[in-house]
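Please consider the sequence and the structure displayed below.

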Amino acid sequence: MLYSFSPGSDIPSVCEVIGYEEIYDGWAVIVIKVDGQTINIHSSYLLEMKTRGASYNRTLRNKKTVRTALSTYVVFDIETTGLSHFSDKIIEIAAVKYTGEHVSEFHEYVYTDDIIPVNITLLTGISNDTLQDAPTIDTVMPKFLSFIEDHVLVGHNIKSFDIPFINKVCSDLGLPLVKNNVIDTLTLAKTKLPNLDNYKQPTLCDYYNIDTSNAHHALFDCYMCAQIYCSLVSNNIKNDYISASSDPFENKVLSILKQIIVEKELPETGLRLRKNNGKNGISYSVLISEPPYPIGSERLGGEQSVAKLSIIKDTYEIDVLQNVLDEIPCPNSATVKQLKKNGNSPQHVIVTFLYNSPELYNFINSVILYRLNHYRTAESTFSCCSEFIQCSDAKKCVHENKLYSTACTYRHNLENGRIFYGKNRNID
């Protein structure tokens, strides 16, 4: 007896095979009747249905185990000949399944008659020669579906890119569409890290110090995405901050941050220095770090990169936004180089100082102050808090979280000399 399971249901339906249609090289689309409806199922996928039906009673006896297994998830990635799921082809599929401490892999190249564009080969390393002996998609896809089962799927931009490609193939082959629950790290990152310049996978890898040397190879991309996902869901907004150091450079930058925190009455961790140990050596990131408010609330806060500092032999390189450099003076002793612009990302520049240049730290200080003055929380604006009288009497914001209170419209009035309440009121 064969059974079919509806997505999210433990209750099986009896399937009746009523016919088949031969397709491709020995594969068939099996025509079955389920609950009075006729549907088509690819023959290899029928084996998976049989396995699930045979294990139905065991599943019911282990309900708690099944519920615990919801923590199981599958990270997957595909490489394609282009961006259109209507006209382009999948040429590589990879997935990594995490079940507690157990990790299993799925990886297949996929043969296509299409000529692979040169830019795709340069990006992925996949050419038509690579795929010469690879199985075709009608062989690979049923195996992939069996691997992912009904587990939660994790990936970067999979809702807009990977899933549509997968489901187009499933539709063409008569396979069931993928309707698994999906966690898209692109969407998750926008929620968790609201102040990043962009949310591309390399940007998130750079933020979390994840190696990208094998990017655009599907299996390696899965492991990269898994690290991003784990960092995001664990609220890992970086744990490699420097709070104290005997290194002269680190110590000097920390002293600048601490002085600004006191002067601007910022939260204790409102400015942070993070050490990055990437493939290109040691670098540092100066971050505006907004804690949740109120403390312990569901609100996430967030971080915003101010500048990236790198030590290259006997020079210091500071990576800042072009619009920052347009507004603050750059010392004559420094050299400036524009970086190659990446799509719609903001323009970045590298400002280089000689080792121990006396102007280096003044420039870092100026960059931080400029970014702070233009910082805006991701929180929705509000008219004022309950302390508007105290703010009016002090002629400044007295909120305990000065980063969060950048959403306060009354604070903006105070900063422009408009006082509506208290003893200093000057607006009727």
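The model is a predicted one. Its description may begin with an open sheet of five strands, whose order is E7-E6-E5-E8-E9 and whose pairing is mixed. Strand E7 (102-109) and strand E9 (182-184) form the edges, each of them pairing on one side only. On average, and with direction ignored, neighbouring strands in this sheet are turned by 20° against each other.

In the strand order, E5 stands between E6 and E8. In general, the strands of a sheet pair through backbone hydrogen bonds, in either a parallel or an antiparallel manner. Strand E5 pairs with strand E6 (residues 90-99) in the antiparallel sense, over eight bridges. Within this pairing, Tyr 73 has Tyr 98 of E6 as its bridge partner, and Asp 77 stands opposite Ala 94 in E6. Strand E8 (residues 152-155) runs parallel to E5 and is joined to E5 by three bridges. Here, Leu 153 of E8 is the bridge partner of Val 74.

How many of the residues of strand E5 are buried? Strand E5, which spans residues 73-80, is mostly covered, with eight of its eight residues buried. The cover extends to both faces of E5: one side carries Tyr 73, Val 75, Asp 77 and Glu 79, the other carries Val 74, Phe 76, Ile 78 and Thr 80, and all are buried.

Helix H7 (residues 185-192) lies across E8 and E9, and runs at about 55° to E9. Helix H9 (residues 218-233) packs on the sheet and touches E5, E6, E7, E8 and E9. The direction of H9 makes about 40° with that of E6.

A further contact joins two helices. Helix H5 (residues 137-148) packs with helix H6 (residues 158-173) at an angle of about 115°, and their axes are 11 Å apart. Angles from 65 to 115 degrees count as roughly perpendicular, and H5 and H6 are therefore roughly perpendicular to each other. Their crossing is left-handed. On the H5 side, the contact is made by Ile 137, Asp 138, Met 141, Phe 144 and Leu 145; on the H6 side, by Ile 166, Val 169, Cys 170 and Leu 173. By class, this contact of H5 with H6 comprises eight nonpolar residues, no polar residues and one charged residue.

Technical notes:
Residues are numbered from 1 along each chain as its sequence is written. This is a predicted model: local features need pLDDT of at least 70, side-chain atom pairs count only at pLDDT 80 or more; totals for chains, interfaces and linings use all residues. Side-chain values use heavy atoms; hydrogens and water are left out. Axes are lines fitted to C-alpha atoms, for helices over the stretch in contact, and angles run from 0 to 180 degrees between N-to-C directions. Helices (H or I, at least four residues) and strands (E, at least two) are DSSP runs, numbered from the N terminus. Angles under 35 degrees count as roughly parallel, over 145 as roughly antiparallel, 65 to 115 as roughly perpendicular and the rest as oblique. A crossing is left-handed if the near helix is turned anticlockwise from the far one by less than a right angle, and right-handed if clockwise. Contact means heavy atoms within 4.5 Å. Ala, Val, Leu, Ile, Met, Phe, Trp, Tyr, Cys and Pro count as nonpolar, Asp, Glu, Lys and Arg as charged, and the others, Gly among them, as polar. Buried means under 20% relative accessible area, exposed over 50%, partly exposed in between (1.4 Å probe, protein chains only). Two strands pair if DSSP finds at least two bridges between them.
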